[in-house]
Amino acid sequence: MTKDTITTSLIDSFIPEKVATTALNKLTSYMNLGKTVYRDFDTEVASEGDVVRVPKFGTLSANEMSQTGQVTLQNPADDEVSITLNQHWEVSFLIRDVAKAMAKPGVLEGYVKNGVIALAEKIENKLAALYLSAGDAVTGTFSKDSVRSARKKMVDAKVPRLAPKYLYLDTDSYDTLLADTTIGKANEFGSSSALVEGDVRKLYGFQVFESQNIISAGSPAIAHSLAYVEEAMALVMRPLPSPGQGLGVQSAVVNDPETGLGMRVSYSWDSDHLGVQVTLDVLFGVGVLREDLLIDVQN
């Protein structure tokens, strides 16, 4: 059996930027809420407890042109929502067989995959808990009629017709949709995705997601799924400071300009455990921007 050995080229390739990029790509792939809400990311380094003010734009109205030819100036009531960066979560692990981790990328990627799944779930959970600030609710036993009711509430809230609408469902509610015969039959639903792939891609204008991270509360337990548009909730992320090479720690902060998500990855030699400690961590805060555009869909 060939023994794993460390070479100079392998050490040079084991840099935090590569690990960070891999981690971030995997993080975004495991998220639904985090990719479909309003995201605020800035390259300015922040610390836990800092407050970020996210703009909330006031409404404008149309006015008939006056006979004098002058327009009616408006002073919209612009507002801000303060979101505290109070969520700092990390995943750390020790790699003792450094040679194997360097020589076989699949080993390190396996650790990274497990770590980012845990971080993604924390972000999704914090966003899902914002149901407590929802401006409206659909109550009762869930069915496809609940989705139709949520759509009407969106329309009544004057959501633009072309604005993407999202439905974030618990597994029981999603299964109810799959069991609905009008959705399972291609000749009635217009697609075989529900029956063949177990995927209800779109219903009553909502892009539908299934998640195990839906919050359940009360006795008997009520699942609080969410119907929303992007402007309903905000996810604010900021990069954490680099500890600096002088401390014997190599680190990198990466962000995805498309999703606005960011992560720090650092690694160093742990002399107590004789291995390389790798840490993935994120700093973020969540908040509701428009309560009227967030609906608590209960089951």
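I shall begin with the chain as a whole, and then turn to one arginine and to the aromatic rings.

This is a predicted model, in which local features need pLDDT of at least 70 and side-chain atom pairs count only at pLDDT 80 or more, while totals for chains, interfaces and linings use all residues. Residues are numbered from 1 along each chain as its sequence is written, and side-chain values use heavy atoms, with hydrogens and water left out.

The protein chain has 10 helices and 15 strands; these are DSSP runs, helices being H or I of at least four residues and strands E of at least two, numbered from the N terminus. Of its 299 residues, 41% are buried, a term that denotes under 20% relative accessible area with a 1.4 Å probe, protein chains only.

Let us now consider Arg238. Arg238 sits in the loop between β11 (233-237) and β12 (250-256). Is this residue buried or exposed? Arg238 is buried, because its relative accessible area is 12%. Its side chain makes a polar contact with the side chain of Asp40, at 2.7 Å. Such a contact is a pair of N or O atoms within 3.5 Å, where within protein one must be able to donate a hydrogen and the other to accept it, and residues adjacent in sequence count only if both atoms are side-chain atoms.

Finally, the aromatic rings. Ring pairs link Tyr166, Phe209 and Tyr228 into a cluster; rings of Phe, Tyr and Trp (its six-membered ring) pair if their centres lie within 6.5 Å, and planes under 30 degrees apart count as stacked, over 60 as edge-to-face and the rest as tilted. Tyr166 and Phe209 are both buried.

Methods. Buried means under 20% relative accessible area, exposed over 50%, partly exposed in between (1.4 Å probe, protein chains only).
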